[in-house]
Amino acid sequence: MRIQIRGFAFIVAVMASVMLQQPELLVSGQATVPAMFVLGDSLVDVGNNNFLASVARANYLPYGIDLNFRPTGRFSNGMNFVDLLAQLLGISSPPPFADPTTWGTRILGGVNYASAAGGILDESGQHYGDRFSLSQQVVNLEGTLSQLRTMMSPQNFTDYLTKSLVVLVFGSNDYLNNYLMPNLYSSSLRYRPPEFANLLVNQYARQLLTLYSLGLRKIFIAGVGPLGCIPNQRATAPPGRCVDSVNQILGTFNEGLRSLVDQLNQRSPGAIYVYGNTFRAVGDILNNPATYGFSVADRACCGTGRNQGQITCLPLQNPCPNRSQYVFWDAFHPTQTANSILVRRAFYGPPTDAYPVNVQQMTLLP
């Protein structure tokens with residue numbers, strides 16, 4: 001079952017030869033940004049939910065099995081997208097905001113506010129308990145910037161904000177843990193898919209404008225991947241198939257984000273907003289797994305039930321031994337190896353991967 005991907009054809013074989021490197025080889029040299037601020041969900045959470053009253057946690061083995069058997073709260077067998085991006089930027093992965101030790105000089109390199117189950121809408125994921133939604137994460141960021149302002153001269157602070165990178169990864173929970181759960185949330189009864197997508201984009205736009213008002217100028221916004229192909233959704237589909245209807249309703253949201261990036265770049269002097277085409281990047285991997293070194297693309301490395309996706313990875317469960325050959329680590333999240341490919345596409349890729357410029361080009365802009 002091939003995933004339909006719009007846009008120009010991607011020359012998979014050529015790019016794959018560049019991307020098929022182990023994560024430990026992704027380390028870059030000198031820092032290209034002074035700091036990275038991360039807002040998002042479990043795809044980029046580095047442990048915030050460990051400090052919240054939430055059942056959406058990954059603070060147990062086998063999570064972290066490839067981080068020297070250290071479960072840190074990352075929803076991965078090893079590093080996640082922003083950890084690997086930090087390596088390419090030549091900086092340390094920012095610490096979690098909710099960790100009591102994240103203060104003072106520790107915040108100079110940025111902070112990670114991402115929270116598993118968090119969404120663009122405040123209500124998304126509420127059945128998991130506490131989580132930081134997009135709006136709360138922006139409030140948390142404002143608190144950090146207030147601290148940083150006292151640590152620098154006004155001009156140095158302005159320069160610091162201008163050169164820092166902001167990464168946002170949102171939208172998955174607004175679908176998986178809201179719109180696609182009609183028994184718990186009424187959004188699918190109140191909104192047709194295009195209307196719901198527009199609601200999300202409009203809410204997102206308000207917060208992105210807030211980031212600009214705070215002085216931040218380099219902002220990367222990841223689109224939503226083909227959620228209909230994650231093990232959790234495949235568990236509800238006929239064997240060998242993705243849930244096409246789920247993938248189709250994401251189109252309006254992703255297209256809206258890309259259009260929003262165009263509008264923001266036109267209306268925000270001195271700023272650069274970049275759209276990361278996650279749907280296309282993941283779709284390429286799923287359509288051509290062997291090209292990227294994967295042998296398993298339709299089920300999780302750690303999980304239970306159909307496609308190992310009906311129940312996600314449980315404490316002390318034995319995961320697959322050949323983790324680098326799996327696209328998906330658990331019912332919802334990619335493996336470290338898959339993340340390493342996605343981050344390279346965002347960092348080095350053409351406009352079909354990162355629009356209108358890639359992350360490396362964005363960081364080099366004055």
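**Close-up views of a predicted model**

**View 1. Met 36 pairs with Leu 165 of β2.** In this predicted model, Leu 165 in β2 is the bridge partner of Met 36. Strands β1 and β2 (residues 165-169) run parallel and are joined by five bridges.

**View 2. Five strands make an open sheet.** Follow the strands in the order β1-β2-β3-β4-β9, and you will find mixed pairing. The edges belong to β1 (36-40) and β9 (354-355); each has a single partner strand, so one side of each is left without a neighbour in the sheet. Helix α9 (residues 244-267) packs on this sheet, where it touches β3 (218-222), β4 (272-276) and β9. The direction of α9 makes about 165 degrees with that of β4.

**View 3. Cys 229 and Cys 242 are joined by a disulfide.** Here the S to S distance is 2.1 Å. The torsion about this S-S bond is about 110 degrees, so the disulfide is right-handed. Cys 229 sits in the loop between β3 and α8 (231-234), and Cys 242 in the loop between α8 and α9, 13 residues apart. Both Cys 229 and Cys 242 are buried.

**View 4. Cys 301 and Cys 320 form a left-handed link.** Their sulfur atoms lie 2.0 Å apart, with -105 degrees about the S-S bond. Cys 301 comes from the loop between β5 (296-300) and β6 (303-304), Cys 320 from the loop between β7 (311-312) and β8 (326-328). Relative accessible area is 7% for Cys 301 and 8% for Cys 320.

**View 5. Cys 302 and Cys 313 form a disulfide.** The torsion is about 70 degrees, so this disulfide is right-handed. Both cysteines, Cys 302 and Cys 313, are buried.

Definitions and conventions. Residues are numbered from 1 along each chain as its sequence is written. This is a predicted model: local features need pLDDT of at least 70, side-chain atom pairs count only at pLDDT 80 or more; totals for chains, interfaces and linings use all residues. Side-chain values use heavy atoms; hydrogens and water are left out. Two strands pair if DSSP finds at least two bridges between them. Helices (H or I, at least four residues) and strands (E, at least two) are DSSP runs, numbered from the N terminus. Contact means heavy atoms within 4.5 Å. Axes are lines fitted to C-alpha atoms, for helices over the stretch in contact, and angles run from 0 to 180 degrees between N-to-C directions. A disulfide is a pair of cysteine sulfur atoms within 2.5 Å. Buried means under 20% relative accessible area, exposed over 50%, partly exposed in between (1.4 Å probe, protein chains only).
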